[in-house]
Amino acid sequence: MEKPRQVVRKFLARPQHEGAGAVVRRSIGRFELRYFDPFLVLDEFSVSAPAGFPDHPHRGFETVTYMLEGAVTHEDFEGHRGTIKAGDVQWMTAGRGIVHSEMPAGPGTSKGLQLWVNLSSANKMVEPGYQEIQSKDIACTSADGVTVRVIAGHAMGARSPVCTRTPTMYLDFTVRPRAAVRQPVPASWNAFAYVLEGEGVFGAERCAPAGAHHLLLLGQGDGVEVWNQSDRPLRFLLIGGEPIGEPVAQLGPFVMNTEEEIDMTVDDFERYANGFEKARHWKSQAMVALGVE
């Protein structure tokens, strides 16, 4: 690593309401940072039944759900259903269209993160699909006071089995007090860090530490250095991706390249066409149980 990346912007993700009663801390996709190519949204969410994310559509990108506590039940109009538990990852390719729900799987509060990764124009209309990895199967390694869980990409000799259509790294680091991380990142990629617990110093040892719920945009370079100078463990995500470099047109859960494509997507959804055919007669079990028409 010849040129460590420095922090160029820092945001505190504040709580806001989203879905049906869920609370999210949105750091990407807010008014100060609408898009950080190829990343559209990063939400840290907290939800307790009966709140959640009921039936809703997507087209043109991928969602990555990483559970921290509790569990969420996912189901879609293709009949795919499952529970994402603490430590599990679901990498969903919405592609040409999907309608699904994400609701708490039991009592108590469920917490996690959802990242939206954009797809290139060549991949926006691919068939929907899933890559689901249980916590026990996530690549993990430790050395010198640092533990990393590799959601996507590779770090410290560990490699994720996830195949990313948009080249992406997604690393979950835990750093013991007085330990440090030196992680390469491809120089052409955009990258950021998001602090989950504790506080860390990013980029240069002289910098002020950043605490929980802070997003740190990293500048140009071929890697990142992070120090835990506190007496508590530090946990943070390091996420990077290859920029797509294409125009972005977005209307809520639809992300395409032009406004004309957005108009076509809305029309497809309303007419149950071109990927949304099965939405006409589908309703999630969660909505049926709640008696929603």
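Begin by selecting His56, His58, His100 and Glu102, the residues at which an unreviewed UniProt entry places the feature "binding site". UniProt positions follow the numbering used here, feature names are shortened, and annotations may be inferred rather than shown by experiment. Although these residues are spread over 47 residues of sequence, they cluster in space, with a largest C-alpha distance of 12.8 Å. Of the four, His56, His58 and Glu102 are included in the lining of the largest pocket. A pocket here is found on a 1 Å grid over the protein atoms alone, as an open set of points with protein on both sides within 12 Å along at least five of seven lines, and lining residues have an atom within 4 Å of a point.

This is a predicted model, in which local features need pLDDT of at least 70 and side-chain atom pairs count only at pLDDT 80 or more, while totals for chains, interfaces and linings use all residues. Residues are numbered from 1 along each chain as its sequence is written, and side-chain values use heavy atoms, with hydrogens and water left out.

**The annotated histidines**

Select His56 next; its place is in strand β5, residues 53-58. Strands (E, at least two residues) and helices (H or I, at least four) are DSSP runs numbered from the N terminus. Beyond its neighbours within four places in sequence, His56 is in contact (heavy atoms within 4.5 Å) with Ile98, Val99, His100, Ser101 and Glu102. The side chain of His56 also reaches the backbone oxygen of Pro54, at 2.6 Å.

Move to His100, in strand β10 (residues 98-104). Is His100 buried or exposed? His100 is buried, with a relative accessible area of 0%; buried means under 20% relative accessible area, exposed over 50%, and partly exposed in between, with a 1.4 Å probe and protein chains only. Not counting residues up to four places away in sequence, His100 touches Pro54, Asp55, His56, His58, His74, Glu75, Asp76, Met92 and Trp282. The side chains of His100 and His58 are joined by a polar contact of 3.2 Å. Such a contact is a pair of N or O atoms within 3.5 Å; within protein, one must be able to donate a hydrogen and the other to accept it, and residues adjacent in sequence count only if both atoms are side-chain atoms.

**The annotated domain**

Colour residues 24-117, which UniProt lists as "domain: Pirin N-terminal" in an unreviewed entry. Over this range the chain is 0% helix and 66% strand, and the end C-alpha atoms are 18 Å apart.

A cis peptide bond with omega of about 10° joins Asp37 and Pro38, and Pro38 is found in the loop between β3 (22-28) and β4 (39-48). The peptide bond from Ala49 to Pro50 is also cis, with omega near 10°; Pro50 has its place in the loop between β4 and β5. Most residues other than glycine have a negative phi, and most peptide bonds are trans.

Select Thr168 in strand β17 (residues 168-175). Thr168 is buried, at 4% relative accessible area. A polar atom of the Thr168 side chain lies 2.5 Å from the backbone oxygen of Thr166. Leaving aside neighbours within four places in sequence, the contacts of Thr168 include Phe39, Trp91, Val117 and Trp189.

Then go to Met156, in the loop between β15 (154-155) and β16 (158-159). Met156 has a positive phi of about 50° although it is not a glycine. At 35% relative accessibility, Met156 counts as partly exposed.

**Helix α1 and the residue after it**

Display helix α1, residues 259-271. Its 13 residues reach 18 Å from first C-alpha to last, close to the 18 Å expected at 1.5 Å a residue, where the expected span is 1.5 Å times one less than the number of residues. Which residues of α1 are buried? They are Ile262, Thr265 and Asp268. Seen down the axis of α1, the buried residues fall within an arc of 120°, so they line one face of the helix; the arc is that of the directions from the helix axis to the C-beta atoms. What covers these buried residues includes β24 (249-251) and β25 (254-256). On the face turned away from the buried side, select the exposed residues Glu260, Asp263, Met264 and Glu270.

End at Tyr272, which follows α1 and has a positive phi near 55°. Tyr272 lies in the loop between α1 and α2 (285-290), and is partly exposed, with a relative accessible area of 29%.

Key
1 Å grid on protein atoms, 1.4 Å probe; cavity = no way out; pocket = protein on both sides within 12 Å on 5 of 7 lines; lining within 4 Å.
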